[in-house]
Every structure is written in C-alpha cells, then in structure tokens.
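This briefing goes through the strands, the helices and the annotated positions of one protein model, for use beside the sequence and the structure.

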Amino acid sequence: MTAPLPASNPLAPPLCDAQGRRMTYLRLSVTDRCNFRCTYCSPASWGGKKDLLDAGEFERIVSVFARMGIRRVRLTGGEPLARPDILDIAQRIAAVSGVEHLAITTNASRLESLAGPLRDAGVTQLNLSLDTLSAEVFRRISKQGDFDAVLRGIDAAAGAGYQSLKLNVVVMRGINDAEVPELVKYAHARGITPRFIELMPFGQGTPVPTAELLERLAASGRVLTEEPPESAASPTSGPARYWSTDSGRVGFISPLTQNFCGGCNRVRVASNGDLRSCLGGRAQAPLHQLIRGGATDEELAVAVRRALGEKPEGHRFTEAGNGATLLPMMGIGG
C-alpha cells in the first residue's frame with residue numbers, strides 16, 4: 001500500500017504513511033557523535049557520518065515538516081549536547097511556526113551548565129539517559145564518561161523548571177536489571193518519570209521483557225495501576241505505556257514484546273539529512289542532497305511523502321537476520 005500524494009499542495013497537512021497513520025512527531029538527530037560508547041548504541045567501530053547539517057538546514061527541514069503537520073520535535077544523537085551550536089539549533093527550531101513541543105534526549109553529562117540555557121532556548125522536555133546507579137556498572141556500559149557529571153546534570157535538570165523530565169533506562173539482563181526498583185526510587189525523588197526500555201537488536205546485551213520488570217516492581221512492594229494508553233493522535237504521545245504508583249508514574253517501552261507500531265506517529269531524520277521512515281525499516285529520502293541541490297519546499301515535501309509511502313506496517317526487529325543489517329542506534333538517531 002502506498003500513501004497517495006496530495007493532488008495540489010504537497011505541503012498541506014495531514015502527513016500520513018502508507019497505512020494512513022498520521023505523522024505528528026519528528027525525531028531529528030543533530031549529531032552521530034557521542035562522548036560515551038554504550039554497548040547497545042555506539043560500537044567502537046562507528047566512525048560517524050560526514051557532512052552533518054548546519055543549524056539553518058535543520059531549521060529548514062523542521063519548517064517543512066511543520067507545514068505538513070508535525071507538532072512535536074525531539075533532538076537526538078549521538079549526544080546532541082556535543083554540538084557546540086546546540087543552543088542555536090534549539091532556539092531556531094522552537095521558533096518554527098507550528099512546533100508546539102521541543103524535546104531533547106541526552107546522556108546528561110553536559111547538563112550541569114546547559115539545563116537552564118536549553119530551557120530558555122525553548123526546550124520543553126528532557127529525556128535523560130541513565131542505566132545504572134553504580135559507578136562500576138556505568139563504566140561497564142558506557143566505556144567512558146564522567147558518572148558524577150551525569151548525576152549533577154540530572155539534578156540540574158530537575159531544578160530547571162522543565163514541563164516534563166523522563167529518565168530512560170535500557171534494561172540488560174545480568175547487567176542492570178536488578179536495579180529497576182532503586183532507579184524508580186531515584187527518579188521519583190527528583191520529580192522525574194522513569195521509563196524502562198527493552199533492549200533493541202542494535203548492539204550487545206540480552207533484553208528483559210517488560211512483563212518480568214513489572215513482576216519485579218510488584219515484588220519490591222510497589223502497587224502498580226495501568227493507565228489507559230495515550231491517544232496516538234496526540235502530538236505528545238509516544239511508544240511508552242504507563243503505570244501509576246504511590247510515588248509517581250513508571251513507563252515501559254516494549255518494542256519486542258508489546259509491539260506499538262500500530263499507533264506510530266513518528267518519522268526520523270538523521271544528522272546528515274537522511275530521512276528514515278522507520279527505525280527498523282529501509283525507506284529513505286536524501287533530504288540533504290535535495291536541500292543542497294536547490295530543491296523547493298514543495299520538492300522536499302514530495303520526497304518526504306514518497307518515503308513515508310514505503311513505511312512498513314511494523315518494524316522487522318524480530319525477523320531472523322534483519323537486525324544484522326541495521327545501522328547502530330547512533331547512526332540512525334536514538
């Protein structure tokens with residue numbers, strides 16, 4: 001099935017994929033470099049792309065998507081705060097007409113000095129990556145990086161007045177799965193919503209099913225009440241399912257055991273301008289080549305719609321051999 005192109009104006013919303021799912025959420029990678037080398041995201045062999053987009057090109061892409069109906073933008077990486085011009089990028093995108101929410105996913109290592117300036121630049125939400133409360137396990141997972149700087153960055157974010165803070169934890173069997181109850185306690189003490197993510201097949205490690213993590217939390221004394229799923233049509237909706245506890249919410253992202261593709265509202269653009277219609281798919285559009293070749297906004301919109309017209313019904317992570325041909329997470333944009 002292929003999504004039809006608009007008869008007149010390709011920039012006119014709605015922006016839909018081949019299954020008719022409405023796209024309202026753009027995940028925009030601003031770099032594929034990172035100061036960590038986490039085993040599940042950034043293998044040592046990853047050398048990075050060339051010709052990353054500049055702030056003006058990112059702004060141009062977001063403005064085109066916003067005209068087609070994108071309302072939420074998340075800046076990802078690599079580590080987006082590694083870009084020396086990250087405040088300029090954030091400020092430009094936050095000012096784009098139609099963008100209602102601007103979020104950043106970060107490892108928090110540079111947030112001690114940037115939490116306040118990013119909020120002032122227009123960022124409304126931070127997702128903070130922290131997989132462990134143990135300095136030893138942190139070094140095992142990240143291979144490098146300053147654990148204490150991450151903790152200081154998270155505390156700075158907690159005091160900076162953001163609309164929303166979430167703590168992303170990739171759970172790996174035998175490495176950090178026993179820490180789930182303590183990570184919930186740590187996050188809730190800072191007014192942060194923890195979210196536990198099933199490991200996807202991009203790197204090393206063994207995933208832990210969400211159902212098992214729920215059992216662990218219940219065994220630790222937590223009373224969990226499942227919340228109704230957010231509407232897929234909401235511009236702030238995402239793949240997480242949430243449970244309420246007496247101290248706050250807990251989220252779970254379960255791409256393998258509880259496939260959420262049916263409500264997908266996301267499209268991805270890598271740091272060099274390659275559009276990917278799906279994290280686990282192959283359909284692409286070279287937006288950077290089009291921009292640098294003088295393409296109009298209408299021509300960019302047509303390329304976007306054609307790529308989304310090839311977006312599969314769901315990811316292919318569980319198909320034998322599929323994961324081996326995927327780029328590492330930092331190459332796609334986390």
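**Sheet, helices and annotated positions**

S4 and S5 are paired in the parallel sense over 5 bridges, where two strands count as paired if DSSP finds at least two bridges between them. The model is a predicted one, in which local features need pLDDT of at least 70 and side-chain atom pairs count only at pLDDT 80 or more, while totals for chains, interfaces and linings use all residues. Residues are numbered from 1 along each chain as its sequence is written, and side-chain values use heavy atoms, with hydrogens and water left out. Helices (H or I, at least four residues) and strands (E, at least two) are DSSP runs, numbered from the N terminus.

**The sheet**

- An open sheet of mixed pairing is formed by 12 strands, in the order S7-S8-S9-S6-S5-S4-S3-S2-S1-S10-S11-S12.
- Because strand S7 (225-226) and strand S12 (284-286) stand at the edges with a single partner strand each, one side of each is left without a neighbour in the sheet.
- Strand S1 (residues 25-29) and strand S10 (residues 266-269) run parallel and are joined by 4 bridges, with Tyr-25 standing opposite Arg-266 in S10.
- Helix H1 (residues 55-67) packs on the sheet, where it touches S1, strand S2 (72-76), S10 and strand S11 (274-276), and its direction makes about 170° with that of S1; such angles run from 0 to 180 degrees between N-to-C directions, with axes fitted to C-alpha atoms, for helices over the stretch in contact.

- Gln-125 stands opposite Ser-164 in S5, while S5 and S6 pair in the parallel sense over 6 bridges, and Leu-167 has Pro-194 in S6 as its bridge partner.
- S5, H6 and S6 make a right-handed β-α-β unit, which means that, with the strands pointing away from the viewer, the path from the first strand over the helix to the second runs clockwise.

- In helix H6 (residues 180-189), the buried residues are Val-180, Leu-183, Val-184, Tyr-186, Ala-187 and His-188, and they pack against several elements, including helix H5 (147-158), strand S5 (164-171) and strand S6 (193-198).
- Gly-191, which follows H6, has a positive phi near 75°.
- In helix H3 (residues 111-121), Leu-111, Leu-114, Ala-115, Leu-118 and Ala-121 are buried; seen down the axis of H3, these fall within an arc of 140°, so they line one face of the helix, the arc being that of the directions from the helix axis to the C-beta atoms.
- On the other side of H3, Ser-113 and Asp-120 are exposed, and just after H3, Gly-122 takes a positive phi of about 115°.

**Annotated positions**

- An unreviewed UniProt entry carries the annotation "binding site" for Tyr-40, Gly-78, Ser-129 and Met-200; such annotations may be inferred rather than shown by experiment.
- Ser-129 lies in strand S4 and is partly exposed, with a relative accessible area of 24%.
- Not counting residues up to four places away in sequence, Ser-129 touches Thr-105, Thr-106, Asn-107 and Asn-168, where contact means heavy atoms within 4.5 Å.
- Met-200 is found in the loop between S6 and H7 and is buried, with a relative accessible area of 17%.

Notes: Buried < 20%, exposed > 50% of the residue type's maximum accessible area, 1.4 Å probe, protein only.
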